[in-house]
Every structure is written in C-alpha cells, then in structure tokens.
Amino acid sequence: MASIDLQPTEYKSPSHQTTISGAEAIVQALIQEGVDIAFGYPGGAIMPVYDALYDYQDRLHHVLARHEQGAVHAAQGYSRASGKVGVCLATSGPGATNLITGIADAHIDSTPLVCITGQVPSHLLGSDAFQETDVIGISIPVTKWNYQVTKAEEIPLAIAKAFYIAHTGRPGPVLIDITKDAQFQQLNFEYKRCTSIRSYREEPVIEMNQIEAAAKAINEAKRPYVLFGHGIILAEAEQEFKAFVEQSNLPAAWTILGLSAMETSHPLNVGMLGMHGNYGPNLLTNECDVLIAVGMRFDDRVTGNLDKYAKQAKVIHLEIDPAEINKNVHAHIPVLGNAKKTLPLITQRLQKKDRNEWLERFAECDQLEHDKVIQEELNPTNEILTMGEVIRILNEKTGGDAIIVTDVGQHQMVACRYAEFKQSKSNITSGGLGTMGFGLPAALGAALGAPDRTVVCVVGDGGLQMTIQELATIYQTQAKVKVLLLNNEFLGMVRQWQQLFFDKRYSSTEMINPNFQLLAKGFRMHTNQVTHRDQLDQALTEFIETDGAYFLEVMVGKENNVFPMVPSGSGVAEIRLD
C-alpha cells in the first residue's frame, strides 16, 4: 500500500472553463490556501465536494477517518505539529455534530482549524429535513467565527475569510456550512486570499508605557517568576522567549500546552505548573514578588483556588487576547500584543541579574520532590511497572527529539511531567477541554503534518477505546504512528480521585478490556506486550527502531497514583507530595 505523498504541487487555475461548480470552488480555494491534506468523512450533503476532490487527488490529499471526531482531532494534531491550519470535512446532521467535540477542544486550546460541513438544500432549511441540524447555532459558542453559505458565489470569500480568521490573532476553529444546492450551482471562480476584515483587528496595539512598566517591575523584583503557555508556540516566539528569560535569569515554568516551547533541560526551565505539576513551580507561586504570565490564561488547573493565588505578587500579563486580561487573575501591568513583538521590547530594557538565591529555592523544592516522588516513580524499587519509568526509558530511546501526543488521564500527567523535549511543537495534548479519545487521531494528524519526525502516541486503555477505530486510518494511510498503551485496567485519574476523596468507592472505573494485542494485529500493526520490567528496555528499542506503525502495550500498576497533586479547591501552596 502506498503512503500519502505530501510533496507540494504547484497549483494552476483551470483554463478550459469560465465557470465551475461550487463544490469545485471549495476544492480550488483550499488548494490556493496551501492546503495539502484534509481529513474527513463523506455523506450525502457533502458528496458534491467529494466528487470534485476526485479530480484533484494529486494536489489535495484526503484522509478518510473512521469517525468525524477522529477527523477533527487528526486535523488538530496536523495543525499543532505543522504550524498550519488544519482542515476537516463532514456531512450534515450527525456528521457535523460529531465534529463539535473536536471543535470545542480546538477553541479552548487556540488551534487553527477550518471545518467545512455540508448542509441540506437551502429550500429545506428549517424544515427538519433528513440529516438537517442547525450546526451554525450549535457551533457558535465553540468557534472563532462561523458562516452558512447558501449561494455558490459566496464560497470564495467565505473560505478566504475562514482561513484568515482561523490563523491570525489568537488562533481558533472556524466552521463554514454549505448547502448542497450551493455546491451544485455554477459560479465564475476567482480567488483572493483575505488580508484584512473591517472591524477585525488581528493584534492589539502595543502600549509602550506598559512595556516600560513591565521592564521596570522585573528589574526591581527580588523574586520574579515567569509562567509560559501555548501562546509562545502559536506566536513562534520561542527564541524571543528564551532571550527574555536569559537576559535577567528568570525562572520559568510551563503549562502543559506551553511544554516544549523551551527545551526541558534549560537551567531556567523549572518545571510544570498545575494540579499535577512540580512542587516548586506551584509552591513558589505564592512566594514570588513579580509574576510574569506569557501566553497563558490562568485556567483553574494552574491557579487552584483563586482566593489563595499569588496575592503577594505584582502580576504582569503578556497576552494577545484582551478578553483574557483580568478574566481570572488581576493584571497590575497588562501587556497586550503578539509575544513575538512584545517580548523583545521588554528584553532590551532588562538589567542582567544573577538571582542565585531565588533560583536555589526552586532547586531545594526540586530535591524534595525528587526524594519523595520522582525517584520511586522513575526507578521503582518494587516489581510493579510505573508509567514514569516507561517515559524515562522512552526519553533515552528518542533523545528528546520525538513528538509525543497524549490522550487524557494519568498517563497524560506523567508524560507531561517526565518527557524530555529539545524542540518546539513536540508536545501535543488536549489541555482545556481534557478530551479523552484525542490522542490516537491527533497522533495520526501529527505524523502526517511532520512526516520527518518520530511520533509517539501515549494513551491509556480508557481513552484508546474511545477512538480505537482510527487504527484503521493509520493502516490505510501508512502513517508511522507509534502507539504506547500504558494499561492499568482502570479509568486511572477518576479512580485516583475515588481513592483519595470518595473512600475508595470505585464506581464504574475498572475496565474489563479486550485483547489489545489481537486488535492491533487485526489492524495489521507490529505489536508487543510488556508485563515485566526485564522486557521493557528491549521492547522500547524495537518500538522506536521498527519502521512504520507499532503498537506497544505496557501493563502498569493498577492503583498507582500521580503526585504531587493540588486537591480541588485548594491553593497552589497546599500541593501534596503523597
């Protein structure tokens, strides 16, 4: 079976016709936007577009997912790995509604997508026709913009605006719903990329007085502390951020979406924020005197109880979206703008400082966490395999160069805590929505978006079974996805909460699983299972070195927990080590 060829092909408008169908206009518009791959699932209301795709297979590759949710998560993974806009297609009714979870996930995690759905003919709108749903109304809360096309001549402008809105400013998903009759209608096709929209401002104006105030506050600080998020990666401001923290020796901690924006081995990278983050980054939030947030939104998993969050600190918030300023945490110095532009303006005004005493506080907390948690997690002294030791050995095999895509649960927290990265766009996970089922299709999309990199999908037995059908898509596309199943035969994160806060009343969390080895073989994958520690090293070597897709199942402790942990309702300084 031939794998997908992602080499770009020069596009030329057809010269043999003056008019084309709306369906063909959609395809040509995507090609003119530089789209080389789209994910989707055909159906009646989108069938004209799929018919048009038939003649453009050498220019626009279509990946047939096995479920529309798989298609949209794959588009997310493709976007996050490549830095491009992800594209997915679906039919009306259930096809469109099956996209909503992925669209909502992309919206809260600021992933640029263009989703195109078919719709019943315009004369049937509102009649409860077969497979009609009001996808515009349904998707309004979870899209950056949406629009319904009922005439073919609207298609070029609608798609041009969709791409412009999706990738500019704070990125996000856009949905275009196109009636079936508009797909059949003819139009004189002319396409121009959108470069501006009246009343839509890509980026806020940078206020130099706020730049000056931010630099002054950092220069005067005794214990400054930086929190960085996904905004660094979206702005492609990794180098600017590194220069910023190095100029004044600023300790910097990351959200799970900010992970890989800065190499994990950097001496100023002090670790992970949040409920299962590192001890020092959480505890010392309430000891810093200036808190500098860059491209992150102070969500509740980072802040814990807001009444107990950084009350002693002057807060500087660098953010592109004005709606995030003062939404959760009051910003004494808001710095609006694109981080790629605002960071250098502050950096050039910063004084060099050693800050050794303050950095030593993080090192002390690091050592305490290592002694109480990390040492046993990464090098356990009993016979039970831990997720942490699997990730430790995976790091050795990949050298920190792989893209790691995680699903949601205990394995996600462990992978984010212990995975090592040398380059950006290497950690792909569902952050704000916490979508189980994200991992496998997102890894497929990442493998197609970055075909020159090793892509490892770290997944639990619960999340895997939500989108396990996408193993068939991996087989059909020959995507080189390495699936690492950490199987504890539980919905592990829910079970951990039941153990700690619900008296071990394990209600509906134990998983009676299928034979994953037989399933993987059914999808024609290389497969292996690890049940004992002496098998692990060799199994992971084969897993990484084998060409093509591979399914490795590791049986880990059924009732192992992820620590540290900030209990729900607690402040970040109340983080527990056990």
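## Salt bridges, a cavity and some backbone details

Lys480 and Asp547 form a salt bridge, with their closest N and O atoms 3.0 Å apart. The two residues link distant parts of the chain, 67 residues apart. Lys480 sits in the loop between α20 (470-477) and β18 (481-487). Asp547 sits in the loop between α23 (533-545) and β20 (550-555). A salt bridge here is a side-chain nitrogen of Lys or Arg within 4 Å of a carboxyl oxygen of Asp or Glu. Helices (H or I, at least four residues) and strands (E, at least two) are DSSP runs, numbered from the N terminus.

This is a predicted model, in which local features need pLDDT of at least 70 and side-chain atom pairs count only at pLDDT 80 or more, while totals for chains, interfaces and linings use all residues. Residues are numbered from 1 along each chain as its sequence is written, and side-chain values use heavy atoms, with hydrogens and water left out.

How open is this pair to the outside? Lys480 is partly exposed, at 48% relative accessible area. Asp547 is exposed, at 58%. Buried means under 20% relative accessible area, exposed over 50%, and partly exposed in between (1.4 Å probe, protein chains only).

How many salt bridges are there by this rule? The count comes to 21. Side chains of opposite charge can pair when their charged atoms come close. Take Glu33 and Arg193, whose side chains meet at 3.7 Å, N to O. Glu33 is buried, at 15% relative accessibility.

Now turn to Glu324 and Arg170. Their side chains form a salt bridge at 2.8 Å, N to O. Glu324 is in the loop between β13 (314-319) and β14 (333-336), and Arg170 is in the loop between α7 (155-167) and β7 (173-179), so the pair joins parts 154 residues apart in sequence. Glu324 is buried at 6%, and Arg170 is partly exposed at 21%. Both belong to a network of salt bridges that links Arg170, Asp321, Glu324 and Lys327.

The structure holds 1 cavity of 30 Å³ or more. On a 1 Å grid over the protein atoms alone, a cavity is a set of points where a 1.4 Å probe fits but cannot get out; lining residues have an atom within 4 Å of a point. The largest cavity has a volume of about 80 Å³. Volume is the space filled by probe spheres set on the points, which are joined across faces, edges and corners. Residues lining the largest cavity include Glu377, Met387, Asn488 and Val556.

Val556 is also one of the contacts of Asn487 (heavy atoms within 4.5 Å), leaving aside neighbours within four places in sequence. Asn487 is in strand β18. Asn487 is buried, at 3% relative accessible area.

Finally, look at the backbone. Ser110 is in the loop between α5 (100-108) and β5 (113-119) and is buried at 7%. Asp503 is in the loop between α21 (492-501) and α22 (516-522) and is exposed at 69%. The peptide bond from Phe563 to Pro564 is cis, with omega near 0°. Pro564 lies in the segment after β20.

Technical notes
On a 1 Å grid over the protein atoms alone, a cavity is a set of points where a 1.4 Å probe fits but cannot get out, and a pocket is an open set with protein on both sides within 12 Å along at least five of seven lines; lining residues have an atom within 4 Å of a point.
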